[in-house]
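Visitor: Could you walk me through this protein chain, starting with how its pieces follow one another?

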Amino acid sequence: MMLANCSRRATQRMSFKAPGFALASLVCVMWACQSANNVYATPDTTRAPFEPSACSTAIASASEINARALFEGMVPCSQEGRLEDANFLIILGQIRAVSDLTIFTPLDDDSSEKATALYALLYYRFGGLGFDEFYRTPTNVSALEARIRNADLRLTSDYDPGWSYRPSSKTDIYSEILSNTREHRIWQMRNMALKLQDDEYYE
């Protein structure tokens with residue numbers, strides 16, 4: 001998984017460009033250059049291995065869990081070689097993260113720290129589209145787009161973004177923000193996929 005301004009050669013390459021969303025309430029951070037091994041493209045042998053069902057569990061609960069959990073679920077999927085599932089979870093995580101950071105105003109300092117930590121995850125580690133080679137096949141892109149569009153990310157009464165938020169948060173427009181974010185990310189995905197399908201660009 002390589003950044004646009006780093007070497008583009010790797011056994012399993014992933015795109016980690018920032019999604020391009022502006023969050024007025026948070027300070028923009030610089031994009032850090034890191035390799036695939038730094039972003040879970042290969043197993044971390046210093047930790048206990050993930051349970052084989054971890055990826056499947058994340059996929060099954062994708063409509064209910066928050067952005068951090070979606071990003072965490074992407075890790076075992078990538079380690080298990082399930083590239084479509086990994087890409088699916090990272091993009092859903094981005095959609096959730098941007099929507100949650102936009103709508104849910106932190107209630108206190110502790111909540112602000114948790115929201116800022118999610119922002120850092122989004123822009124430093126999970127801001128890209130996932131594994132490059134997956135997007136080389138047009139049918140893969142169409143299948144992934146369908147999954148993203150069909151994912152039920154509605155705001156339920158028991159949904160927890162990961163921090164306490166002010167009652168005045170504009171939850172009534174959450175679905176609108178999420179829909180716009182989803183469409184924008186799909187547009188970015190399709191544009192990048194076209195580039196990756198170009199042999200000259202990919203090499």
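Guide: Before the order of pieces makes sense, one definition is needed: helices, at least four residues long, and strands, at least two, are runs assigned by DSSP and numbered from the N terminus. Please also keep in mind that this is a predicted model.

Visitor: What does the largest nonpolar core look like?

Guide: The largest nonpolar core has 49 residues, and those with the most contacts inside it are I91, L92, Y135 and I148. The elements that give two or more residues to this core are α1 (54-60), α2 (67-79), α3, α4, α5 and α6, and the largest share, 12 residues, comes from α3. As general background, nonpolar side chains tend to be buried together in soluble globular proteins.

Visitor: What does I148 touch, if we skip its neighbours in sequence?

Guide: Leaving aside neighbours within four places in sequence, I148 is in contact with F88, I91, L92, I95, R182, I186 and M189.

Visitor: Back to α3 then, is that helix mostly covered or mostly open?

Guide: Helix α3 is mostly covered, with 19 of its 21 residues buried. Its length also agrees with expectation, because at 1.5 Å a residue the 21 residues should span 30 Å, and the end C-alpha atoms of α3 are 30 Å apart.

Visitor: Which residues of α4 are buried?

Guide: In α4 the buried residues are S111, A115, L118, Y119, L121, L122 and Y123, and what covers them includes α2 and α3. This helix has 17 residues and reaches 23 Å from its first C-alpha to its last, close to the 24 Å expected at 1.5 Å a residue.

Visitor: Changing topic, how many aromatic pairs are there?

Guide: A search of the whole structure finds 6 aromatic pairs. One of them is formed by F104 and Y159, which are tilted, with 6.4 Å from centre to centre and 35° between the planes. F104 lies in the loop between α3 (83-103) and α4 (109-125), while Y159 lies in the loop between α5 (138-150) and α6 (174-196), so the pair ties together parts that are 55 residues apart in sequence.

Visitor: Why do F104 and Y159 count as buried?

Guide: The cut-off for buried is under 20% relative accessible area. F104 counts as buried because its relative accessibility is 1%, and Y159 counts as buried because its value is 6%.

Visitor: Which other rings join those two in a cluster?

Guide: Ring pairs link F104 and Y159 with Y165 and Y174 into a cluster. Y159 also has a charged residue over its face, since R96 lies there at 4.3 Å from the ring centre. In another place, R147 lies over the face of F88, at 4.1 Å from the ring centre.

Visitor: And what about Y119 and Y123, how are they arranged?

Guide: Y119 and Y123 form a tilted aromatic pair, 4.8 Å from centre to centre and with 35° between the planes. Both lie in helix α4, 4 residues apart, which is about one turn of the helix. In general, an α-helix has 3.6 residues a turn, so residues three or four places apart point the same way.

Visitor: Last one, is G130 buried or exposed? And D172?

Guide: G130, in strand β2 (residues 130-131), is buried, with a relative accessible area of 0%. D172, in the loop between α5 and α6, is exposed, with a relative accessible area of 65%.

How values were computed. Residues are numbered from 1 along each chain as its sequence is written. This is a predicted model: local features need pLDDT of at least 70, side-chain atom pairs count only at pLDDT 80 or more; totals for chains, interfaces and linings use all residues. Side-chain values use heavy atoms; hydrogens and water are left out. Rings of Phe, Tyr and Trp (its six-membered ring) pair if their centres lie within 6.5 Å; planes under 30 degrees apart count as stacked, over 60 as edge-to-face and the rest as tilted. Buried means under 20% relative accessible area, exposed over 50%, partly exposed in between (1.4 Å probe, protein chains only). A charge sits over a ring if NZ of Lys or CZ of Arg is within 6 Å of the ring centre and within 35 degrees of the ring normal. A nonpolar core is a set of buried Ala, Val, Leu, Ile, Met, Phe, Trp, Tyr and Cys residues joined through side-chain atoms within 4.5 Å. Contact means heavy atoms within 4.5 Å. The expected span of a helix is 1.5 Å times one less than its number of residues.
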